Amino acid sequence: MGMKGAVKKFLVIGLFLAIGLFIIRCLITKPTGLYDAFGHMGQVVSITLVFMGLYERIFWRYNPFDKTPLIYGAYSGTIEYEHKGKRGKKNTNIVIKQSLLSVSVKITTNETISYTITSNLIEENGEYVLYYTYITNPKSKFSDENPMHFGTCRLDLSNTTDLHGIYWNSQSNKGDISLKRSVKPCPPTQPKPPSKP
C-alpha cells in the first residue's frame, strides 16, 4: 500500500469516527429539529478534524494495526558515489520527518544540503520502500564542481535501524547510501548527595 492507500484509509477512519461521534452526540441530546441537527454536525466535524489532525501527525505511530515503518529521526552514514567516471565516498547526516501521509528527507554533507520535493512510501514484494525526489543546495565553493541538480533516491526500509539505498540524478551520477539510526546518549546521571546521619 502506498501513500494513496494511506490517504484512503485515513479518510475512511475519519468518516466512521464522525458518524460514531454524531450518534453519541444525538444520544446525549436528541435534536429537536433541523437546526439542532446541524449544530450537532458542526460540533462533530470540529472534533473529528482536530482528532484526525493529531492522528495524522502523531497518534498513528501508536496504532498496532498500522504497519507503516517508523523511520522518522536522525541518521548518519556514508554515500558512495560515482562522479565523472570516478568513485568516491563521503560522510552524511540525514534527518527524516514523517507523518502518516508524508515523508521528508534532509541530507547534509560537507558540500551540499538536499531537500525532498516528492515522496512515496510503498510496498514491494512484501517490504516497504521509500522513493523520493530531491533538489540539492550546494555551498558556493562547491557549486562549480557540484552544481544544483535534481535526483531520485530509493531506500529499503526492511530494517529501520539500518537503511540502505541507491540514488541517481540529473547529472547522470549514481551511488549507494548506507545509514544507521543515530542514538543520542542519555545525559550522565548526577550522583545523589550523601544522606545526613
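Me: Where in the chain is N125 found, in terms of strands and loops?

Reply: N125 sits in the loop that runs between β4 and β5. Keep in mind that this is a predicted model.

Me: Is N125 buried or exposed?

Reply: The cut-off to apply is that exposed means over 50% relative accessible area. N125 has a relative accessible area of 84%, so it is exposed.

Me: Now the fold. How many helices and strands are there in the protein?

Reply: The protein has two helices and eight strands. Along the sequence they follow the pattern α-α-β-β-β-β-β-β-β-β. The radius of gyration is 24 Å, whereas the globule rule gives 16 Å for 197 residues; the value is well over the rule, so the protein is more spread out than a compact globule.

Me: What does the C-alpha trace span along its principal axes?

Reply: The spans are about 75 × 70 × 35 Å. Burial and surface can be read next to that. Of the 197 residues, 29% are buried. The accessible surface is about 13,100 Å², and carbon and sulfur atoms account for 63% of it.

Me: How do I read contacts by sequence separation? What share of those between residues at least 6 apart joins residues at least 24 apart?

Reply: The share is 44%. Single residues show what such contacts look like. Take G77, which belongs to strand β1. Setting aside neighbours within four places in sequence, G77 is in contact with K90, N91, T92, S178 and L179. For a distance, G77 and V129 are 52 residues apart along the chain, and their C-alpha atoms are separated by 18 Å.

Me: Which residues does T116 contact, leaving aside its neighbours within four places in sequence?

Reply: T116 is in strand β4, and its contacts on that basis are V103, S104, V105, Y132, T133 and Y134. Its relative accessibility is 21%, so T116 counts as partly exposed; buried would mean under 20%. The C-alpha atoms of T116 and K139 are 18 Å from each other, with the two residues 23 apart along the chain.

Me: Turning to pockets, what is the volume of the largest pocket?

Reply: First the general idea. Rolling a probe the size of a water molecule over the atoms shows where empty space is left. Here the largest pocket has a volume of about 430 Å³. Its lining has 23 residues, and those nearest its centre are K90, T112, N146, H149 and Y167.

Me: Which strands each supply at least two residues of that lining?

Reply: They are β1 (73-83), β4 (112-124), β5 (127-138) and β7 (162-169). β1 gives the most, with four residues. By class, the lining holds nine nonpolar, ten polar and four charged residues.

Me: What lines the second largest pocket?

Reply: The second largest pocket, with a volume of about 190 Å³, is lined by F10, L11, G14, L15, A18, F22, M41, V44, V45, T48, L49 and M52. Helices α1 (3-28) and α2 (34-57) each supply at least two of the lining residues. The class count for this lining is ten nonpolar, two polar and no charged residues.

Me: F22 is in that list. Which residues does F22 touch, not counting those up to four places away in sequence?

Reply: F22 lies in helix α1 and touches A37, H40, M41 and V44. Two of these, M41 and V44, also line the second largest pocket. The relative accessible area of F22 is 26%, so F22 is partly exposed. As a reference distance, F22 and P138 are 116 residues apart along the chain, and 53 Å separates their C-alpha atoms.

Terms used: Residues numbered from 1 in each chain as written. Predicted model: local features only at pLDDT ≥ 70, side-chain atom pairs only at ≥ 80, totals over all residues. Heavy atoms only, no water. 1 Å grid on protein atoms, 1.4 Å probe; cavity = no way out; pocket = protein on both sides within 12 Å on 5 of 7 lines; lining within 4 Å. Points joined across faces, edges and corners; volume = space filled by probe spheres on them. Nonpolar A, V, L, I, M, F, W, Y, C, P; charged D, E, K, R; others polar. Rg over C-alpha atoms; globule rule 2.2 N^0.38 Å. Buried < 20%, exposed > 50% of the residue type's maximum accessible area, 1.4 Å probe, protein only. Contact = heavy atoms within 4.5 Å. Areas by Shrake-Rupley, 256 points an atom, 1.4 Å probe, with all protein chains shown as cover.
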